[in-house]
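Let me put the model up on the screen.

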Amino acid sequence: MTEAPRKEGTRDRYGKTLAKLAAKDRNVVAMDCDLGRSTRSYDIYAVDPQRFFEMGIAEQDMVSTAAGMAAMGKVVFANTFSVFLTGRAFDQIRQQIALPLSNVKLCGSSAGLTIGADGSTHQSIVDVALMRVLPNMTILVPGDGNQTEQAVMAAYEYKGPVYIRLSRYETLNYLPVGIPFKIGEAQVLKEGKKVVFASYGPVLQNVVFAAELLERRGLDVGIVNFHTLKPLDGRMVETLATEYSHIVSVDEHSVFGGLGTAIGECLAEYASPGPKAILHRVGIQDKFGESGSADELLAKHGMDPEGLAAYVLGLI
Amino acid sequence: MTDEGKVRELEKKAWMIRLELIRMFSVGKAHHFGGSLSCADIVSALYFHKMNYSKENMNNPERDRFIMSKGHSVPTQYVALSMLGIIPGEELKTLKTLGTRLQGHPDMRKTPGIEAPTGSLGMGLSFANGIAMAGRLDGLTIKVFLLLGDGELQEGQVWEAAMSSANRGLHNICVFVDRNRFESQGEVERSKGIEPLVDKWKAFGWETFRIDGHDMGSICEVLDRFDGTNSKPFVIIADTIKGKGVSFMENTFKYHNASLDDKEYQQAIDELQGTLAALGEGRTG
């Protein structure tokens with residue numbers, strides 16, 4: 001009897017990686033706003049209870065306190081749900097994290113639609129947009145468990161502010177193992193013809209499934225993983241613009257301010273020597289979410305494998 | 001007990017700060033006069049008396065820290081830092097001009113001696129807590145001093161942080177509230193009343209004092225009672241006068257952020273020089 005392949009949320013591997021880092025570096029600390037068992041930041045507690053700081057339900061206070069600890073040389077992982085971290089504490093992030101280049105890793109958990117049943121109040125769908133406009137901010141969105149480990153290690157090694165967008169949505173470890181993770185370098189998962197998907201985060205798994213569906217229909221579609229939303233890999237965008245006719249961006253985020261927007265900015269300024277690709281933005285079309293299961297919500301917004309495949313078929 | 005001579009010396013330094021502030025602000029440019037003048041005595045007592053802080057130890061992890069949470073009053077801190085030899089005196093004139101290290105609000109990346117990014121009000125105490133928490137993890141013996149504006153207490157984050165300091169037993173934090181009664185557009189009490197301040201801070205778990213923020217003897221006396229090993233974090237509500245020392249700026253919000261004409265400038269300089277001269281005479285006589 002074969003075991004079913006193990007699924008995990010990026011938040012799960014995040015917690016484990018945080019604990020590993022804490023075991024090797026005494027300067028690693030974590031704080032949370034009464035959600036540590038959900039965000040998995042509490043995993044650090046088992047390594048050293050002194051280095052887990054329960055800040056209570058006070059996101060603004062947590063972010064400013066994180067900045068203070070960072071000023072003392074700590075590598076601070078500041079955690080709560082993405083929607084509260086980036087929304088409630090935006091000014092603190094702007095003033096005390098981004099502006100002074102504080103070495104704080106802002107870990108926004110349960111991001112996107114896939115928090116599911118909690119509904120629109122908790123669905124963080126503009127966080128990338130908010131963080132992307134801040135100077136000095138780096139944004140990483142790992143696509144599966146293995147990549148989360150790489151992304152968290154990269155954020156730790158990078159001295160400065162990083163926003164890491166994490167999810168509770170459980171996926172397989174579907175990304176190829178062994179591709180090096182470099183901040184700012186997009187990964188080509190698959191070469192294709194005419195159409196290329198550009199996506200990031202756990203929804204990328206649906207993109208991979210969609211490409212498989214399309215392959216059965218005889219369509220060879222490319223896939224690129226833009227795990228770093230900022231700085232965006234502009235060279236990759238230019239390459240895709242030249243090599244493909246259509247770039248389909250898939251954001252588990254508002255189409256305003258996410259990957260589609262970032263690619264669009266790049267594309268618009270790219271003086272292509274020949275014809276360049278048209279951009280199509282799949283994502284949340286300037287509306288709020290609602291309660292439902294993660295998969296139902298992704299399907300409703302056209303980001304299930306079938307929906308994505310149908311979208312591509314409609315282009316051709 | 002701080003001796004009488006020392007108290008007089010600190011008073012004089014506070015007046016020198018005020019005079020230097022006016023010179024630095026000069027004519028025809030908008031600056032935060034009121035709140036910079038009201039906190040000069042507190043800043044003088046901290047930098048020149050209480051804190052383990054000097055040009056020599058300013059990079060030592062065990063130094064005491066001062067955070068100007070009401071960031072718009074940072075010119076007072078710039079002047080004090082120049083008196084400590086950390087910022088060259090001639091640099092004060094570059095305040096808020098393009099390319100200067102002396103930004104309009106505190107920038108810890110640009111200015112030596114600035115310990116925290118503040119200016120957007122309400123964030124300083126949380127930041128101070130972070131310093132104290134990290135210091136405790138590292139076994140450092142440090143004290144963290146913070147100056148809050150009274151209007152700033154209308155920011156909810158201050159009270160989030162106040163709960164944290166008390167809950168975590170951060171006894172090495174000492175907060176001054178510059179209670180000058182005015183915010184930018186009028187009296188603090190007209191918009192969101194913050195009194196009774198002593199009761200509020202006590203209820204939040206703080207050791208609380210209320211003093212005359214221009215009585216250097218009282219400032220020193222209450223600071224003598226703080227050594228960082230107190231049973232609770234320490235807050236001193238300092239009743240002050242907005243615009244202290246320049247008659248036409250006192251007790252009004254109009255000079256919270258304003259500019260002076262030549263005549264006003266000269267009057268301010270004359271008044272402050274007069275006060276300093278009187279202090280000098282008192283000391284020698």
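Chain A has 12 helices and 12 strands, where helices (H or I, at least four residues) and strands (E, at least two) are DSSP runs, numbered from the N terminus. This is a predicted model, in which local features need pLDDT of at least 70 and side-chain atom pairs count only at pLDDT 80 or more, while totals for chains, interfaces and linings use all residues. Residues are numbered from 1 along each chain as its sequence is written, and chains are lettered from A and ligands numbered from 1 in the order in which they are written.

Overall dimensions. The C-alpha atoms of chain A fill a box of roughly 55 × 55 × 35 Å along the principal axes. For 316 residues a compact globule would have a radius of gyration near 20 Å, and the 19 Å of chain A agrees with that. The radius is taken over C-alpha atoms, and the globule rule is 2.2 Å times the number of residues to the power 0.38.

Now the sheet. In chain A, 7 strands form an open sheet, ordered β2-β1-β3-β4-β6-β5-β10, with mixed pairing; two strands pair if DSSP finds at least two bridges between them. β2 (52-54) and β10 (228-230) of chain A are at the edges with a single partner strand each, so one side of each has no neighbour in the sheet. Strand β1 (residues 28-32) of chain A runs parallel to β2(A), joined by 3 bridges. Asp32(A) is opposite Glu54(A) in β2(A).

Next, a helix pair. The axes of α9 (residues 234-243) and α10 (residues 259-269), both of chain A, come within 10 Å and cross at roughly 70 degrees. Axes are lines fitted to C-alpha atoms, for helices over the stretch in contact, and angles run from 0 to 180 degrees between N-to-C directions. That makes α9(A) roughly perpendicular to α10(A), a label that covers 65 to 115 degrees. Gly234(A), Val237(A) and Ala241(A) in α9(A) meet Ile263(A), Cys266(A) and Leu267(A) in α10(A); contact requires C-beta atoms, placed from the backbone, within 7 Å.

Last, the chain contact. How many residues of chain A are in contact with chain B? There are 22, against 21 residues of chain B. On the chain A side, α3 (59-71) and α5 (90-98) are the elements that give two or more residues. The largest share, 9 residues, comes from α3(A).

Terms used. Angles under 35 degrees count as roughly parallel, over 145 as roughly antiparallel, 65 to 115 as roughly perpendicular and the rest as oblique. Two residues are in contact if their C-beta atoms, placed from the backbone, lie within 7 Å.
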